[in-house]
Amino acid sequence: MNSTQSLTVISDTAQHSFLSSSSMTYVGFFLLTLVLVSIDIYQTRGGNITIRKAAIWSIFWFLLAFVFAGSIYFFWDIYAPTSDYTNQKAVVSFITGYLLEKSLSVDNLFVFAIIFSQYQVPEHLRPRALLWGVIGALILRAIMIAVGAQLLAQYHWVLYVFAAFLIWTGIKLAFGNEEESVSSYPEKLIRKVAKVTDDYHGNSLIVKKAGQWFVTPMVLVIGVIAVMDVMFALDSIPAIFAVTREPFLVLAANVFALLGLRSLYFVLQGMMDKFIYLKPALSFIMVFIGIKMLLVGTSWEIPTFVSLGVLITVMTLAIIASIYSKKEIIDNAN
C-alpha cells in the first residue's frame with residue numbers, strides 16, 4: 001500500500017468515525033428529549049395545573065437549560081468534535097440562543113391564549129392541546145434547522161434573505177394585530193374533509209355518533225396551533241442562526257426553549273394584559289437580530305456576548321416598564 005492509499009484509508013476512517021460520533025450525539029439528545037417531554041407530560045397529567053405548580057416547573061426547566069449549558073462547557077469536544085468553537089464560545093452561543101428562543105416563544109403564548117378563547121377550549125383540556133402544539137413545534141423546528149443549516153452551508157446569500165425576513169417580521173409585529181394572525185384556513189380545510197362535533201369530548205380527537213365518525217373541536221384547535229407553529233418557526237429559526245450556525249446548539253436551544261412552554265403558559269395566563277410592553281420589545285429584538293445577521297462576516301459584526309446583553313436588557317426593561325405602567329394606572333384609578 002503506497003502513501004496515497006494510506007492517506008485515503010485514514011481519511012475515510014476519520015470521516016466514518018466523525019459521522020458515527022455525530023450520529024450518536026443526535027441520537028443521545030433525541031432520547032434525552034423524549035425523557036424530558038415524558039416528564040412534562042407526567043407533571044401536567046389530569047389538566048389541573050395551579051399557577052404555583054406551573055411557576056415551580058417553569059423555574060425547573062429554566063435551571064435545567066443552564067445545567068445543560070454546563071455540560072456543554074465540560075463535554076463540548078464530545079458533542080461536536082470537529083467544531084471550531086471553543087468551550088466558552090459554545091456555552092455563550094447556547095445561552096444566547098436559548099434566551100432568544102425563550103423570548104420569542106412568549107409571543108406563542110399570547111396567540112395560544114387567543115386560540116383557546118376563540119374556540120372556547122375548557123381549562124382542563126388546554127394542557128393536552130398545548131402538548132400537541134409543543135410536540136409539533138419540536139418536530140417542525142428539527143426539520144427546519146436541518147434544512148436551514150444545509151442552505152447556509154452551501155449558499156451564504158440565504159443569510160441575507162433570513163435577515164430581511166426577520167426585520168420585516170419585527171416591523172410587522174410592532175404595527176400588526178395578533179388576533180388577525182390566527183389563521184382560519186386550517187379550520188376551513190378540516191371542515192371540508194370531516195364532520196365536526198359542536199362540543200368537546202374530553203381529550204378525544206375522533207368520536208362515533210349515530211354510526212358516523214366525527215372529529216372534535218380539539219382537532220380544529222390543534223390544526224390552528226400547528227399553522228402558528230409553522231409561522232413562529234419561520235421567525236425563530238433564522239433568528240438563532242444569526243447567533244450561531246452550529247446545528248447542535250441551534251437544536252438544543254430550541255428544544256430547551258420549548259420544553260417549559262406549557263408550564264410558562266399557565267404562569268402567564270393571568271398576566272397577559274400586564275406585560276403591555278412585551279410585544280414592542282419582541283419587535284425590537286427581531287429587528288436587532290436581523291441587523292446582526294446582515295453584519296455577519298463584516299468588520300461591524302456584532303459579538304454574541306453583546307447580543308446576549310441587548311436581549312437581557314430589552315426584556316428586563318419591557319417587564320419593569322409594564323409593571324410600573326400597570327401600577328401607575330391602578331394608583332390613578334384610586
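Predicted model: local features only at pLDDT ≥ 70, side-chain atom pairs only at ≥ 80, totals over all residues.
The chain has eleven helices and two strands. If you walk along from the N terminus, the order goes α-α-α-α-α-α-β-β-α-α-α-α-α. Of the 334 residues, 46% are buried. On contacts: take those with a separation of 6 or more, and 78% of them come from residues 24 or more positions apart. As for the surface, the chain exposes about 17,600 Å², with carbon and sulfur atoms supplying 67% of that.

Now, the aromatics. How many aromatic pairs do we get? The count comes to 18. Let me pick out phenylalanine 68 and phenylalanine 248. What I like here is where the two come from: phenylalanine 68 is in helix H2, residues 51-79, and phenylalanine 248 is in helix H8, residues 247-259. That's 180 residues apart, so to speak a link between distant parts of the chain. And are they buried or exposed? Both phenylalanine 68 and phenylalanine 248 are buried.

Compare that with tyrosine 73 and phenylalanine 74. This pair is edge-to-face, 5.3 Å centre to centre with 90 degrees between the planes. Tyrosine 73 has 38% relative accessibility, which falls between 20% and 50%, so we call it partly exposed. Phenylalanine 74 comes in at 64%, and the cut-off for exposed is over 50%, so exposed it is.

Lysine 89 lies over the face of tyrosine 85, 4.4 Å from the ring centre. Then lysine 209 does that over phenylalanine 214, at 5.9 Å from the ring centre.

S1 covers residues 206-209 and S2 covers residues 212-215; they run antiparallel, joined by four bridges. Which residue does isoleucine 206 pair with in S2? Its bridge partner is valine 215. S1 and S2 make a hairpin with two residues between them, and alanine 210 in that turn has a positive phi of about 55 degrees.

That's it from me.

Note on methods
Residues numbered from 1 in each chain as written. Heavy atoms only, no water. Phe/Tyr/Trp six-rings, centres within 6.5 Å; stacked < 30°, edge-to-face > 60°. Buried < 20%, exposed > 50% of the residue type's maximum accessible area, 1.4 Å probe, protein only. Lys NZ or Arg CZ within 6 Å of the ring centre and 35° of its normal. Pairing = 2+ DSSP bridges. Contact = heavy atoms within 4.5 Å. Areas by Shrake-Rupley, 256 points an atom, 1.4 Å probe, with all protein chains shown as cover.
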